[in-house]
Amino acid sequence: MISPNPITAQTVSLPPPVGGWNTESPIVAMPPTDAFLMENWWPDTDGVKVRPNTQTWNTGAGTTGDIVESLIPYNGADGVNKIFAINDNGELYIPGNTAGDLGGSGFATITGLTNGRWQSTQIGSTGGHFMFMCNGADTPRTYDGTSFANSTITGPTIANLIWCHTHQNRMWFGEEDDIDVWYLPVESHTGAATKFIMTGVASKGGYMMAMGSWSRDTGQGMDDLGIFITSEGQAIVYAGTDPASATTWSLVGVFDVGRPLGRRCLLSYNGDLLILTDEGLVSLRSVMTEGIPATNTNALWTSKVQTGFKELTSDTRDLFGWQVILHPRRRMIIINCPL
């Protein structure tokens, strides 16, 4: 028997999934430019490309089995830039400076560190350019372009310093599991630090996770805001230059942005400050200027993959390794998800 309405095949051309991965739309309603699965592919404006391959830079930062947990950059005033690798065995190395410069080229400059999980910042002064690094367990180190030295900052319990940031040419830092913060005089990388009390401002409690700067005009200037991120997901925003003076330092507001994922949760990008949280990658500009709560997907850079993102964070949010970084050459913002 022949059906009176035979099914005829049709040829349909589909565009490449330049819209990227989509976990929010049902397949039947998904735009043809989106993909419900995208592994090792990168959507671009004119098509989809295979994820770039890897290239070994150095294998000399430790012995077999050691894992590099931190890469610390130093940018010298003379244009000489260096990068330091710290592994989970508590060893700091200077890797080789040429791609493919393998085993044995790295050599340890510091050993016996408690862990390899360090944060760093850099500040310039009339005395040179200095890098400061801390991990919440060891005495922080400074680097002047030639050698490392133990930090001599006074005020906080120095080995407890676990995050650091330079804002308005002033170094800020915080102790592990403490909500209050510390700062140094302008253009200083050592000396007596002053405590800045945050207890009454952070209404949800917790401890200070990280600090960043929001340059609203895409450049650095006197109008940059200081952003403090608490473990409970509050962004505490200050304007001004001198925290010792009420006339030059004032509270802008406290905003809920979602609980941050790790201490490497901030990225300054294109006149915005992006915050990596368990809600997704949040735009501080959207939260502040539009009054959009962080749970609203309009405030999230990761709104199209919210379901997939939350599946990743449900079991891994407390693991070390969460980080958001910019890869400008390939026009990528990369989120590292520890497994």
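Are Trp172 and Tyr183 buried or exposed? The points below take up this pair and several other features of the predicted model.

1. Trp172 is buried, and Tyr183 is buried as well. By the ring-centre rule used here, the model holds 15 aromatic pairs.

2. Phe196 and Tyr238 form another pair, with ring centres 5.4 Å apart. Their planes stand at 85°, and because the cut-off for this class is over 60 degrees, the pair is edge-to-face. This pair also links distant parts of the chain: Phe196 belongs to strand 16 (residues 194–196) and Tyr238 to strand 19 (residues 234–240), 42 residues apart. Phe196 has a relative accessibility of 13% and therefore counts as buried. Tyr238 is buried too, at 5%.

3. The residues of both pairs belong to one aromatic cluster, which consists of Trp172, Tyr183, Phe196, Phe228, Tyr238 and Trp249.

4. Helix 2 covers residues 306–316, and Gln306, Gly308, Phe309, Thr313 and Thr316 are buried in it. Viewed down the helix axis, these buried residues fall within an arc of 165°, so they line one face of helix 2. The face turned away from the buried side carries Glu311, Ser314 and Asp315, which are exposed.

5. What do the buried residues of helix 2 pack against? Their partners are strand 1 (20–21), strand 22 (272–277), strand 23 (280–283) and strand 25 (332–336).

6. The second largest pocket has a volume of about 520 Å³. Its lining is made up of 24 residues, and those nearest the pocket centre are Met209, Gly262, Arg263, Asp318 and Phe320. Sorted by class, the lining of this pocket has 8 nonpolar, 7 polar and 9 charged residues.

7. Gln168 has a phi near 55°, a positive value in a residue other than glycine. Gln168 sits in the loop between strand 13 (161–167) and strand 14. With a relative accessible area of 19%, Gln168 is buried, because the limit for that class is under 20%.

8. Asn270 likewise is not a glycine, and has a positive phi of about 50°. Its place is the loop between strand 21 (266–269) and strand 22. Is Asn270 buried or exposed? The relative accessible area of Asn270 is 56%, and exposed residues are those over 50%, so Asn270 is exposed.

9. Ser188 is in the loop between strand 15 and strand 16. Its relative accessible area is 18%, so Ser188 counts as buried. Leaving aside residues up to four places away in sequence, Ser188 touches Ile123 and Met171.

Definitions and conventions. Residues numbered from 1 in each chain as written. Predicted model: local features only at pLDDT ≥ 70, side-chain atom pairs only at ≥ 80, totals over all residues. Heavy atoms only, no water. Buried < 20%, exposed > 50% of the residue type's maximum accessible area, 1.4 Å probe, protein only. Helix = DSSP H or I, 4+ residues; strand = E, 2+ residues; numbered from the N terminus. Arc of directions from axis to C-beta. Contact = heavy atoms within 4.5 Å. Phe/Tyr/Trp six-rings, centres within 6.5 Å; stacked < 30°, edge-to-face > 60°. 1 Å grid on protein atoms, 1.4 Å probe; cavity = no way out; pocket = protein on both sides within 12 Å on 5 of 7 lines; lining within 4 Å. Points joined across faces, edges and corners; volume = space filled by probe spheres on them. Nonpolar A, V, L, I, M, F, W, Y, C, P; charged D, E, K, R; others polar.
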